[in-house]
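Please look at the sequence and the model first; the description follows.

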Amino acid sequence: MPHISIRNLKVSYGAHNVLKDITVDIPDGQITAIIGPSGCGKTTLLKSLNRLIELQEEVKVEGNVLIDGDNVYDPQADILSLRKKVGFLSQKPCPLPMSIYDNIAFGPRIHGVKGKQILEQIEELEKHCPNYEVCPANARNTAQTRKNGEMDLLVECYLRLAGLWDEVKDRLRMSASKLSVGQQQRLALARTLSVKPEVILADEPTSSLDPVSARLIEEQFQMLKQNYTIVLVTHTLRQARRIADHAIFLYLGEMIEQGPASKVLCAPCEAKTCAYISGEII
Amino acid sequence: MDRLLEERLFKTLMLSSLTMVVGSLFAVVAVVVLNGAPALTPSMLTQTPKGGYYLGKEGGILNAIIGSLYLAFGSVLLALLISIPAALSLQRDYIKKTKVAYSIRLSLDVLWGTPSIVYGAFGFTVMLYLGMRASLLGGIIVLTLLQIPIMIRAIDETVKLVPAELKETSYALGTTRFETTFKIVIIQVLPGIATAVLLAFGRSIGDAASILFTAGYTDNIPGSLLDPAASLPLAIFFQLGTPFPEVQQRAYASALVLLVIVLVVSVASRALGQRFSKHILR
């Protein structure tokens, strides 16, 4: 059973129908790219998956989104654990108004993770990323001697995972808003991962970044997809071709085509998809 | 029209407005200082009025200084405790219907513009009904009522400026509305809270009409919340009302004390505001 199944999803803002009857499965452990012209409902579809869409005004959602078989729109559903499980990375990174350290520690703290649980979380993370040194032995040893050393270690591991540690290790108490936009986005990725999500939703995560930071984020996604299901909204076809395994093409709120990225992005069946990837509709 | 002429014309216009504002402020301060400074003796600040003080004999206005500080700080504290949650509850996160929030804001604006003597009369009526005497407590409560609309609206305006992306980022980590509001949004509105405190403090320490009947006036320093309390605005009023020039001079000296208190509180709250707002997003 796939992690995420979308069944007859309809979303409207007031009288405007943004998504018209979407039914699709999103494969596990892969990067799924949602592509389509501006205003076709890509972001709406993405935000429907962890109910962030409900923060918008006058929004109405019909249909089901099943995650691990549970309908997230069930009135009994636990929205807090849903959002913990399905992390979100926005287009423009938005640091929390606190230090770099606290930006990472905030999520685990509100979910009440401490002491031994933190060490278990770090072990799990190391298993997930065997080729990546997220927790060097010397960091672990020094952390053990300090008070609240576990949280320090957790912050270090996630910053290393996001490739940000070397740039910020000497200024963890500095305001996160002082970082560059590219660094802020990697911080946002680390913060999203720090609450142990299983799915990562990313809404054009590289669109406001410089090419180098964008490449770093793409590399992170390539590495993370082994353990996380990644859904990516992107405007650039080249990015989709570079990193996506699966692709969904939306046009005016309807799903026109979906399938393996190699097929949808290079040899599509539908005329509209052809027109989009050849640049005729933007 | 010649654009350079336009530029010059408006520069002159702006500068003359500014000169008028600063000039009239300066004139007020100058009158107070010139008239008040000679009468401002150490005994004015350290003694309560002795018999015949209002005829030009010995004594000071310590009763009014202490009374005003009790009244102002007591009411600011009480008003803050009520206004912060009230202002935060006006967010769309809590009140979904924008019309309801709109009407609440409108009524607060009307209350803001209500003359303070109306608050005084209201407070006096309630106190008569409850069989209370004019007291420090009565004054604090009426001043609190006077400040609440100012504080709520001042804080509310900064809450409205909190970026939607910030709340979205916070909710995406699986936070409750309470955690988002009281751990994230509130950090971002701290400068707004400092401004609100300043506005409300200024209004409450300078107001005479609302406390005339509710706090009363006395030559003693209040020993409990149920004792009547003197205040600087009323001390100024009573002293200016005497036919003796030396007592009228003391009124100016009292006004000078009031100005200095407002200045000190303004500088202090600004400094505190900056200290606590180092992490906020700009």
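## Terms and source

Two residues are in contact if their C-beta atoms, placed from the backbone, lie within 7 Å. Helices (H or I, at least four residues) and strands (E, at least two) are DSSP runs, numbered from the N terminus.

This is a predicted model, in which local features need pLDDT of at least 70 and side-chain atom pairs count only at pLDDT 80 or more, while totals for chains, interfaces and linings use all residues. Residues are numbered from 1 along each chain as its sequence is written, and chains are lettered from A and ligands numbered from 1 in the order in which they are written.

## Helix α9 of chain B

Helix α9 of chain B covers residues 190-206. The expected span of a helix is 1.5 Å times one less than its number of residues. For the 17 residues of α9(B) this gives 24 Å, and the end C-alpha atoms are 24 Å apart, so the two values agree.

A residue is buried if 20 or more other C-beta atoms lie within 10 Å of its own, exposed if 12 or fewer, and partly exposed in between, with C-beta atoms placed from the backbone. Among the buried residues of α9(B) are Leu190(B), Ile193(B), Val197(B), Phe201(B), Arg203(B) and Ile205(B). The buried residues of this helix pack against α3 (62-89), α6, α8 (177-188) and α12 (245-276) of chain B.

## Chain A as a whole

Chain A has 12 helices and 10 strands. Its C-alpha atoms fill a box of roughly 60 × 40 × 35 Å, taken along the principal axes. The radius of gyration is taken over C-alpha atoms, and the globule rule is 2.2 Å times the number of residues to the power 0.38. With 282 residues, a compact globule would have a radius near 19 Å, and chain A agrees because its own value is 19 Å.

Of the 282 residues of chain A, 46% count as buried. Among contacts in chain A between residues at least 6 apart in sequence, 68% join residues at least 24 apart.

## The nonpolar core

A nonpolar core is a set of buried Ala, Val, Leu, Ile, Met, Phe, Trp, Tyr and Cys residues joined through C-beta atoms within 7 Å. The largest one has 145 residues, and those with the most contacts inside it are Tyr158(A), Ala190(A), Leu201(A) and Ala247(A). Helix α6 (residues 136-160) of chain B gives the largest share of this core, 15 residues.

Leaving out residues up to four places away in sequence, Tyr158(A) touches Ile104(A), Ala190(A), Leu193(A) and Ser194(A).

## Where the chains meet

The contact takes 23 residues from chain A and 21 residues from chain B. On the side of chain A that touches chain B, α2(A) gives the most, with four residues.

Thr169(B) is in helix α7 (residues 164-172) of chain B. Thr169(B) counts as buried because 25 C-beta neighbours lie inside 10 Å. Leaving out residues up to four places away in sequence, Thr169(B) touches Ser90(A), Cys94(A) and Leu96(A).

## Two residues in one loop

Arg51(A) lies in the loop between α1 (42-48) and β4 (59-67) of chain A, and Glu58(A) lies in the loop between α1 and β4 of chain A. Phi of Arg51(A) is near 60°, a positive value in a residue other than glycine. Glu58(A), not a glycine either, has a positive phi of about 50°.

Arg51(A) counts as partly exposed, with 19 C-beta neighbours inside 10 Å. Glu58(A) is exposed, with 11 other C-beta atoms within 10 Å.
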